[in-house]
Amino acid sequence: MSETITEPVLHQEPEAGGSRRMTLNMGPQHPSTHGVLRVVLELDGEFIEKATPEIGYLHTGIEKQCEALNWQQVITLTDRVDYLANLSNNLCYSLAVEKLLGLEIPPKAQFLRVLLAELTRINSHLVWLGTHALDMGAMTMFFLTFREREDLLRIFEMFSGQRLMTSYIRPGGLALDPPRGWEKPVKAFLADFPNKLDEYESLLNANPIWLRRTKGIGILPVEEMLEVGITGPLIRAAGIPMDARKMTPYSGYEKFDFNVPTATENDVFARYAVRMAEMRESLKIVQQALEGMPEGPTRAEAHRVVLPEREKMKTQMEALIYHFKIVTEGIAVPEGEIYQVVESPRGELGYYVVSDGSSKPLRVHMRTPSFANLQGLPNLVEKRQISDSIAIMGSLDFVLGDCDR
Amino acid sequence: MDFILLSILKTAIAAPVLLGTLAYLVWIERKVLAHVQLRMGPSRVGPHGLLQPIADAIKLLTKEDFIPSYVNHVYYWLAPWLALMFAVTAISVLPVGPIVEIFGVKTNMGQADISIGLLLILGLTGMGVYGIALAGWSSNNKYSLLGGLRSSAQMISYELPMALAIASPLLIVNSLNLREIVNGQAGHVFGIIPNWNAIGGLQIFSFIIYLICAFAETNRIPFDLPEAENELVSGYNTEYSSMKFAAFFMAEYANIITACSVATTLFLGGWHPIIPNELGGQFIPTLICFFFAGVLFYHALNPARPSDRLSMGVIGAIILGLGLLFQVPVVKELAQPLFWFASKAGFLIFVFIWVRGTVPRFRYDQLMRFAWLVLFPAALLNLLLTAFVVAAKSN
């Protein structure tokens, strides 16, 4: 290859307006863009004049791939959409498919789904808190939050055999019965975690530097937030108690008693406070799910959808036939379309699923919260400093896999 | 002739000690930070990662020295060595002990004993900003440029309150010679409270202001904006690799050592013991060494890992020997002041690392506002009050 490196422009001629701007390419490889987000910044000194986010660096074509897989195989792709909230994605897709099938899910499976979804929320918020604080220079927070996250990943591994790509919630129930003694680590986590939350807050809530870096930063008018479709903790920090768990309850959330924490300041600190409060609320839900855990099966009675138990397969002819049919042909989902919403840790997660009656989905579209939440970025960081843009991007808590699909 | 020989001899001792301290400061920082953050820190190279600095040095020396084609070569080459040179030179005027007599030769413990020692240190640390600013500018990288700009503004701003904070103890001692400043803090009030500048009186404020400025001068969290890796990737040293990068790294740690040593000299009584020698202060170094040796021996007898049995035992024996050394008649004269100086400076360095593990980073404008609207007036007021007190006392 010949030399193609061009000399950079060292002496930019002043523009007609008189200001000399610098274009800074933040990302796709940058420590604080949480993956491969690229933001082209037009800088006037330290101030951002214009920010243009460029997404798509993590586009994997998951939505298209869904159309080539069986209904039950798609679940493995939903894990990879938002890899920090995989169980929320599993849940959302499963609920959509179950609605199309008209399946009734046994209460124990529903309770376990809620429990796992809330642990996923805590897990995701822990990653957010650690990286958000790390971006602002508070390195230790990262290690503290990942210590607790490790407990959660162990719990997920205990349930599903996987730490990250769980694929545990499936259409028709759960992939496996929970292992014996599964309550013990969950209870230990419940007992321990409130103290850990206090520990985080003792490090940050009274820290003048943290407060100065977060208070009054990253405010966007509520109307604009609604316009671009921002949901989740971001909109709740703006004072709107929008939560799919309350508004369109799914998987039995209406049976649980919990609050939707809100704040009115709408700044980076409010988002931090809302997420911290959400973790406490999630703990309450997990506690209630543990206490009220019903007995019974974890999979629906639907021979054509749910794989039979191994024991039955070895003793009953029908079970063996159903197993063979499901595995080789897949499940036939009645014709129709559905939009199912769950509250993922990042906001409203929606799966729009279309079926033509065959064993493969015709279309699976994901309405991912990261994509919508990222739309507010240009206006959020405009006229702010580079340091603020880091704080704001952290507070948006996007996952690029979720954004690009 | 004697002077030249003596100077060469002292340099021959001081330079390796300084470089060794620099290397092991990295190890200490990584270990302390790791334990703050629930980690192990370096543990693979040698017992407890003790050989890690050597491995790091070999790695950095043998790495490809990559120079991007678009840099301004002269300044790109100059910047790291400029930074390192100023940082290391500043240490030469620091006295680590009183004037001692060894083998009939009277000499001060320290490289140079000049009458304007403090001014020289201020000047050299002030020049240190050139290394960073030139690096940022000559790299022709936008992140580096932003880092260089930030550091120029930051270091110049914090130089001012720092100089004012330093000026107050000067008023009291009425000398710029660092040895005389230390000697002004000799003795104990009521025979027990150390007569240090930082204890009692207004100078506690000078000490605090100086320490805050030192954090900014050495580019440490919460003032590490020039190299804020989460914002500017790595700031001014983004385009540097191999030994040139190591030079910046060493310069940063040399600056920390200088800043902590200056704080010790000006405010913490330099080499003077914390407890008067009449009350047994001279046995403290030995007792502390014995304590640590005891802890290490305990771990050698109850090893967490099989290798601890040997490594802990050997290190414990070395520390035990060191403790005994503090009581050997001739060596004592040298070792005791050195111990007090090193332990005070070492404690301050520990504070630097501790803070790094605790607090987030300032924003650029907040940092400048803090310098000009909080530190500068405070330092000025402090200087004024000190001047009044000194004037009132002398009348």
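How many Å apart do the C-alpha centres of domain 1 of chain B and domain 2 of chain B lie? The C-alpha centres of these two domains of chain B are 18 Å apart.

The structure is a predicted model, in which local features need pLDDT of at least 70, side-chain atom pairs count only at pLDDT 80 or more, and totals for chains, interfaces and linings use all residues. Residues are numbered from 1 along each chain as its sequence is written, chains are lettered from A and ligands numbered from 1 in the order in which they are written, and side-chain values use heavy atoms, with hydrogens and water left out.

**Between the domains of chain B**

Domain 1 of chain B covers 1-54, and domain 2 of chain B covers 63-272 + 328-394; such bounds come from an automatic or database domain assignment. Contact (heavy atoms within 4.5 Å) involves 15 residues of domain 1 of chain B and 18 residues of domain 2 of chain B. There are 2 salt bridges between the two domains of chain B, a salt bridge being a side-chain nitrogen of Lys or Arg within 4 Å of a carboxyl oxygen of Asp or Glu. The side of domain 1 of chain B that touches domain 2 of chain B has 11 nonpolar, 2 polar and 2 charged residues. In this grouping, Ala, Val, Leu, Ile, Met, Phe, Trp, Tyr, Cys and Pro are nonpolar, Asp, Glu, Lys and Arg are charged, and the others, Gly among them, are polar.

**Between chain B and chain A**

The size of an interface is often given as the accessible area lost when the parts come together. Buried area here is the accessible area (1.4 Å probe) that two parts lose on being put together, summed over both. For chain B and chain A this area is about 3,000 Å², with 59% given by carbon and sulfur atoms. For domain 1 of chain B and domain 2 of chain B, the buried area is about 1,500 Å², with 75% on carbon and sulfur atoms.

The contact between the chains takes 38 residues from chain A and 30 residues from chain B. Across this interface, 2 salt bridges are found. On the side of chain B that touches chain A, the residues divide into 14 nonpolar, 7 polar and 9 charged.

| Salt bridge | Closest N and O atoms |
|---|---|
| Arg220(B) and Glu29(B) | 2.9 Å |
| Asp388(A) and Arg363(B) | 2.9 Å |
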